[in-house]
Amino acid sequence: MYIAPLTFTAQSTDKSANLLSKQNHHAISSEPSEGTMEPFGVFGRWPLVGRDRELDALMRTMHAGKHRVFLILGPSGIGKTRLAEAWHDRLDGEGRKVLKISASITGGDIPFAAVRHVLPHNLELSESADRLSKVVTSIKADLGDSVILIDDLNLLDSSSALLLRRLVDAGDIQLIATIRQGQCVHETLAPVIDGEHVHRTVLGPLSEQKVQELLQRVLKGPVAHPALHMLYRMSGGNTLFLRELVRGGLQNGTLIHDGELWHVRQLIQRESLITPRLREYVQAQASGAGSDGLRLLEVLAFCEPLSWGEASDMVSPRLIEQLEREGLILRTVAGRRTNITLVHGLFGEVIREATSTLRRRELVLEQVRRVESYGARRERDPLRIAAWRVAAVGTAEPGLIVQAATLARRLHDHRQVVDLLRALPSADQTTTTLLLLGEALGELGDFQAADAVLNEAEERAASAEERAAAVSARCYNQQWTEGAGDALRVGQSAHRSGMQKQERELLLINEARLRILSGEHLAGKRILQFLPDRIDKSYPDREVWLIGAHVKVISLAHLGKPSAATSLGERAYDLHVREDGHSHTLPHSAVQLLSLTLAHSEAGEFDRGRTVGRRAAEAFVAMRMCRAHLRTNFYLARLEWLAGRIPEARRHYAEVVSAARQRKVHAHILRPALAGLAASAALMGDCVAAENARQESKTHPAPGYLAGEEAIADAWILATQGRFSAARAILMRAALRARATGNVASEGLLLTDVARLGGAEEVSERLNEIARSSQGRLYETRAKLALALEYEDARSLMDCGNSFSEMNASLLAAECYGAAVSAWRRAGNIRQADLAAKQAQEALDGCGAVRTPVLSVTLTDFPTPLTRREQEIALLAASGSSSRDIATQLDISPRTVDNHLQRIFAKIGVRSRRELTKHLGVHRCDGANAASSIAHIPASTQPEKQEGVASSLESEAINEAQ
């Protein structure tokens with residue numbers, strides 16, 4: 001019986017001819033052999049991820065008792081065996097007896113080869129009329145009511161197939177079997193695997209999100225988004241391919257860890273993630289295509305997608321259908337057009353790698369002639385022809401190159417724009433082509449090259465319009481390398497006389513953006529006043545409005561108007577989507593999602609912000625738009641920090657820092673990203689990483705954009721050491737800086753941290769002022785939190801916790817509930833305190849490996865609650881501070897500190913500072929840890945002395961904030 005293919009199918013042969021390299025190879029095994037229980041790890045058996053739904057459904061179906069046969073179907077390497085093993089483990093846990101059988105191609109001529117290991121040694125298996133009956137009797141006596149699990153049912157030998165059919169027909173067993181899609185099973189088993197008694201589970205590839213989860217578990221750390229996208233695209237969600245790509249990357253050093261994230265470094269010539277095992281697999285698959293089929297596969301590797309007409313001109317429709325059945329190509333329908341592509345990106349990688357330069361040139365030029373013979377009538381044909389000619393011979397007719405580059409820009413294919421325009425002779429370059437090239441280089445993250453090209457475009461500009469476009473592009477590019485201030489000076493130098501209204505408005509929008517990035521939020525707001533919040537079809541320039549709307553959304557979000565920002569951003573996105581693909585100047589519509597991410601986060605709509613941010617990030621990674629991806633990652637990091645998902649915040653901050661270092665970005669984004677990374681690492685107890693990031697952040701100037709937020713690094717490192725007073729002083733000064741720039745968003749964040757660290761009475765009035773003048777639930781709840789903390793109002797604290805829980809701000813919710821625990825205990829209401837503690841723990845469970853210093857004292861179950869002063873002293877002592885240091889910080893005497901400590905020890909039930917530290921679960925980020933962190937800092941930034949690291953950090957941060 002034949003099982004139709006879903007995607008591609010491994011050939012069950014050990015002698016497939018490899019037509020690519022003219023050698024013979026064995027196809028690789030798709031699953032680990034039975035009986036091997038390797039530990040999780042890159043080179044061991046990988047964990048099962050992304051199959052919980054299928055596994056649960058299989059268990060429910062088996063328990064229902066309506067089916068006797070359960071088939072797990074899917075292409076090679078998709079994880080059929082791994083799912084079957086997990087099912088076996090579940091059944092074993094229930095006490096069911098499971099007999100595991102592995103079929104193999106080598107056992108085809110041996111009677112009962114698959115089941116010999118479970119038969120008695122003295123059972124006579126020589127040819128006889130009753131041989132099958134003997135085996136059935138022996139198996140039934142041993143099995144009872146059990147389950148047989150067979151891996152690769154399609155490879156089962158004939159006698160074992162007869163045995164299996166007898167057992168299933170008699171209802172003596174339940175059968176679980178894996179079958180590779182596209183393979184035939186023994187004809188004896190046809191009635192076994194067909195009928196109402198059979199339940200089929202078809203496995204497809206893992207989603208990108210599940211691939212991310214799997215890689216993080218295997219590599220024991222997060223993977224940067226571009227690396228994840230590359231591995232997902234190449235593996236197609238196939239776990240076998242993914243495993244081989246990871247192994248290859250680790251073995252040849254292309255998959256690297258930077259201390260925070262896994263990255264795929266830029267590959268140099270002839271480097272590849274593809275292992276010999278993967279190469280052999282693809283070559284064995286392609287070898288069955290025949291010479292005509294192989295030629296089609298080669299053309300697809302360099303020129304896909306092909307139309308059905310183009311492919312059928314090369315080979316017969318019957319061969320196309322055969323290649324599709326064999327899982328080598330994929331046919332998709334887009335409107336009225338049928339496209340043919342390789343079924344898997346990995347196939348193209350291997351074929352391109354194995355094809356000589358001369359052969360590639362022959363194939364590509366042949367495809368050029370084929371499309372030209374049709375008259376190149378389709379809209380994208382000029383782009384295809386120009387790109388193919390440039391790839392084959394390095395050049396094309398200049399007019400065709402410019403036409404193709406313009407079309408590529410409209411489609412946001414910036415890599416193609418660069419490849420095409422770099423092939424354009426210098427004599428044919430114009431201001432227009434230089435602007436296209438400069439913009440594309442900037443989007444790809446090559447800011448230095450972009451600036452040189454845009455400078456040349458400005459020098460060549462022959463009109464006010466061209467000069468305005470060049471200046472705007474240079475300003476936008478320079479903000480990433482030189483900073484917003486320098487970019488602003490470039491923009492102000494432009495002469496605006498003689499410009500059309502559109503050019504003047506674009507320069508105004510550009511100036512507003514740079515003012516905001518310089519920390520002049522109110523000035524940016526004033527400049528954007530000419531831009532309406534709504535437009536209709538009669539509005540003269542929709543493109544200008546869309547560019548301005550993106551900037552205005554960011555401005556409104558920072559000014560404490562997130563509701564207005566989200567409304568404007570959603571309108572702009574809807575309109576922008578309709579304009580995508582029709583404009584030569586508009587950026588991709590995902591830039592509107594970028595600004596919406598910020599707006600939703602300031603509104604406390606963290607789930608919505610996360611969703612739109614991830615959509616934007618995926619779009620930018622797919623298009624390799626580096627600078628847009630950088631900004632999106634930063635806004636996602638900040639969103640996760642606000643939401644209290646600290647491990648996620650750390651991952652995004654780390655990705656921003658890594659990309660900024662690689663692209664030599666030292667402007668408005670790097671220092672706050674390093675500060676966020678330091679604060680996140682500190683809350684996760686990674687003192688070395690926290691101090692390293694904090695030290696590196698000091699080597700970059702404080703940005704005007706998000707002024708004050710860079711202080712969270714110093715503040716939270718100090719807070720984890722119990723130095724709440726110093727942390728609050730830093731945050732208060734930083735909040736004043738933010739207020740001076742008009743940035744309500746940053747001020748609200750910093751003042752809320754002050755309240756969380758024991759300074760509610762200092763900030764409650766200002767947070768209430770902000771809440772009255774701002775929009776959104778987040779501002780309102782922050783103000784209520786400060787008041788509840790100030791007056792130790794347990795009921796109000798519970799209400800704030802509920803509000804933050806509804807926003808999915810789990811860490812803030814946990815702190816609210818924790819503070820309520822202390823308040824209830826002091827009031828003697830133990831029942832309410834216990835309920836609050838339960839809610840706090842539930843909220844904290846969603847925060848990952850994070851426990852803030854406040855939670856260390858509020859959620860610890862003391863017989864007698866600590867006062868606020870005792871809480872602060874307990875944390876300082878647990879963090880390693882001496883009585884003299886504590887006295888200095890709190891402006892009390894050492895004797896008073898010791899008296900407090902005696903009461904603390906008695907209340908908690910400990911006898912020493914060491915026991916106190918263990919009891920509170922406090923991370924000590926000073927002493928030995930500080931010394932360790934200094935060793936990891938470059939020599940140019942290391943402090944001269946190791947002593948007093950925490951004290952110097954405190955004074956340094958306060959001086960800087962002043």
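How many of the eight residues of strand 6 are buried? Eight of the eight are buried, so strand 6 is largely enclosed by the rest of the structure; buried means under 20% relative accessible area, exposed over 50% and partly exposed in between (1.4 Å probe, protein chains only).

## Basis of the model

This is a predicted model, in which local features need pLDDT of at least 70 and side-chain atom pairs count only at pLDDT 80 or more, while totals for chains, interfaces and linings use all residues. Residues are numbered from 1 along each chain as its sequence is written, and side-chain values use heavy atoms, with hydrogens and water left out.

## Overall composition

The protein chain has 44 helices and twelve strands. Helices (H or I, at least four residues) and strands (E, at least two) are DSSP runs, numbered from the N terminus. Of the 962 residues of the protein chain, 57% count as buried. Contact means heavy atoms within 4.5 Å. Among contacts between residues at least 6 apart in sequence, 69% join residues at least 24 apart.

Five strands form an open sheet in the order 4-5-6-3-7, with parallel pairing; two strands pair if DSSP finds at least two bridges between them. Strand 4 (98-102) and strand 7 (198-202) stand at the edges with a single partner strand each, so one side of each is left without a neighbour in the sheet. On average, neighbouring strands of this sheet are turned by 15 degrees against each other, direction ignored. Strand 6 (residues 173-180) is joined to strand 5 (residues 146-151) by five bridges and to strand 3 by six bridges. Ser 146 stands opposite Ile 173, Ile 148 has Leu 175 as its bridge partner, and Phe 70 stands opposite Ile 176.

In a regular strand the side chains alternate between the two faces of the sheet. Both faces of strand 6 are covered: Ile 173, Leu 175, Ala 177 and Ile 179 are buried on one side, and Gln 174, Ile 176, Thr 178 and Arg 180 are buried on the other. Helix 1 (residues 52-64) lies across strand 3 (69-74), strand 5, strand 6 and strand 7, and runs at about 175 degrees to strand 7. Helix 4 (residues 158-169) lies across strand 3, strand 5 and strand 6, at about 135 degrees to strand 6. Axes are lines fitted to C-alpha atoms, for helices over the stretch in contact, and angles run from 0 to 180 degrees between N-to-C directions.

Three strands form an open sheet in the order 10-12-11, with antiparallel pairing. Its edge strands are strand 10 (306-307) and strand 11 (329-334), each of which pairs on one side only. Strand 11 and strand 12 (residues 337-342) are paired over six bridges, and Val 333 has Thr 338 in strand 12 as its bridge partner. Helix 11 (residues 317-325) packs on the sheet, touching strand 11 and strand 12, and its direction makes about 110 degrees with that of strand 11.

## Packing of helices 7 and 8

Helix 7 (residues 239-252) and helix 8 (residues 276-287) pack at an angle of about 140 degrees, with their axes 9 Å apart. Helix 7 is therefore oblique to helix 8; angles under 35 degrees count as roughly parallel, over 145 as roughly antiparallel, 65 to 115 as roughly perpendicular and the rest as oblique.

Leu 240, Phe 241, Arg 243, Glu 244, Leu 245 and Arg 247 in helix 7 meet Arg 277, Leu 278 and Tyr 281 in helix 8. The residues of this contact divide into five nonpolar, no polar and four charged. Here Ala, Val, Leu, Ile, Met, Phe, Trp, Tyr, Cys and Pro count as nonpolar, Asp, Glu, Lys and Arg as charged, and the others, Gly among them, as polar.

## Nonpolar cores

A nonpolar core is a set of buried Ala, Val, Leu, Ile, Met, Phe, Trp, Tyr and Cys residues joined through side-chain atoms within 4.5 Å. Of the 151 residues in the largest nonpolar core, Trp 545, Phe 620, Trp 641, Phe 804 and Leu 916 touch the most other members. Helix 33 (residues 744-773) gives the most to this core, with twelve residues. A second, separate core of 88 residues includes Leu 328, Val 343, Ile 385 and Ala 392.

## The loop at Gly 722

Gly 722 lies in the loop between helix 31 (712-720) and helix 32 (724-741). Gly 722 is buried, with a relative accessible area of 1%. Its C-alpha atom is separated by 6.5 Å from that of Glu 872, 150 residues apart along the chain. Leaving aside neighbours within four places in sequence, Gly 722 is in contact with Glu 872, Leu 875, Leu 876 and Ser 879.
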